[in-house]
Amino acid sequence: GKYSLRKLNADEVSDFKFGIISAFKLSVTVLNYVTCALVDSGSQCTLMSSDLVNKIFEIDHSKNQPIGQVKVANGQNVDILGTLNFYIKIGNENFAVCVNVVRNLNEDFILGTDFLGHKKNEGIVNMKEGCLELRGLKFPFINRVQSNTSEDNVGEIAFIRAYKETV
């Protein structure tokens, strides 16, 4: 059969019940310092900005010679200035983490697949419930955007759905 795209009408849109998440971020505590961590399933390693490391640990990596490089989401290679191992707290749970310290990072803290996929964490990004599951526990993302289900904005939402034409 053939497939085509069409814009949904207001009646079809009002049947949807969903929320939009612009990014997957969690509240994380490091040594009594609360920060925001981006959960990035596209990042192979966990990263922390050198500025945040300096704030929390009072370690200045600015004069360090790079020990390697990592490619970030915008395609640029950034220098790895060092690595740190420590515990973070998400909710009431402690998690061991190894971070690569980098400068000029758009986010202060990025949890990569090395953390998410670790056998002790077994991370699952749960889109339906808007949370990260670790060790079978659910930790809600902190930046859920308001749900687009009100009747007032139905006409402004441009949803496109593929449907199978019957011939």
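In the hairpin of β3 and β4, two residues sit between the strands, and L31 takes a positive phi near 50 degrees. Keep in mind that this is a predicted model, where local features need pLDDT of at least 70 and side-chain atom pairs count only at pLDDT 80 or more, while totals for chains, interfaces and linings use all residues. Residues are numbered from 1 along each chain as its sequence is written, and side-chain values use heavy atoms, with hydrogens and water left out.

**The hairpin and its strands**

- Strand β3 (residues 25-30) and strand β4 (residues 33-39) run antiparallel and are joined by six bridges.
- As for terms, two strands pair if DSSP finds at least two bridges between them; strands (E, at least two residues) and helices (H or I, at least four) are DSSP runs, numbered from the N terminus.

**Aromatic pairs**

- A search of the whole structure turns up four aromatic pairs.
- One of them is F57 with F86: the ring centres are 5.0 Å apart and the planes are at 55 degrees, so the pair is tilted.
- For the cut-offs, rings of Phe, Tyr and Trp (its six-membered ring) pair if their centres lie within 6.5 Å; planes under 30 degrees apart count as stacked, over 60 as edge-to-face and the rest as tilted.
- F57 belongs to helix α2 (residues 50-57) and F86 to strand β7 (residues 77-90), so this pair ties together parts that are 29 residues apart in sequence.
- F57 is partly exposed, with a relative accessible area of 21%, whereas F86 is buried, at 11%.
- Here buried means under 20% relative accessible area, exposed over 50%, and partly exposed in between (1.4 Å probe, protein chains only).
- F95 and F139 make an edge-to-face pair, 6.0 Å centre to centre with 80 degrees between the planes.
- Since F95 lies in strand β8 (residues 93-102) and F139 in strand β12 (residues 137-140), the pair ties together parts that are 44 residues apart in sequence.
- F95 is buried, with a relative accessible area of 0%, and F139 counts as buried at 7%.
- Ring pairs also bring in F115, linking F95, F115 and F139 into a cluster.

**T46 and its surroundings**

- T46 is found in the loop between β4 and β5 (47-49), and this residue is buried, with a relative accessible area of 0%.
- Its side chain makes a polar contact with the side chain of D114 (2.7 Å).
- A polar contact is a pair of N or O atoms within 3.5 Å; within protein, one must be able to donate a hydrogen and the other to accept it, and residues adjacent in sequence count only if both atoms are side-chain atoms.
- Leaving out residues up to four places away in sequence, T46 touches (heavy atoms within 4.5 Å) several residues, including V97, F109, L111, D114 and F115.

**The three-stranded sheet**

- An open sheet of three strands has the order β10-β11-β12, with antiparallel pairing.
- β10 (124-126) and β12 stand at the edges with a single partner strand each, so one side of each is left without a neighbour in the sheet.
- Three bridges join β10 to strand β11 (residues 131-134), and N126 has C131 as its bridge partner in β11.
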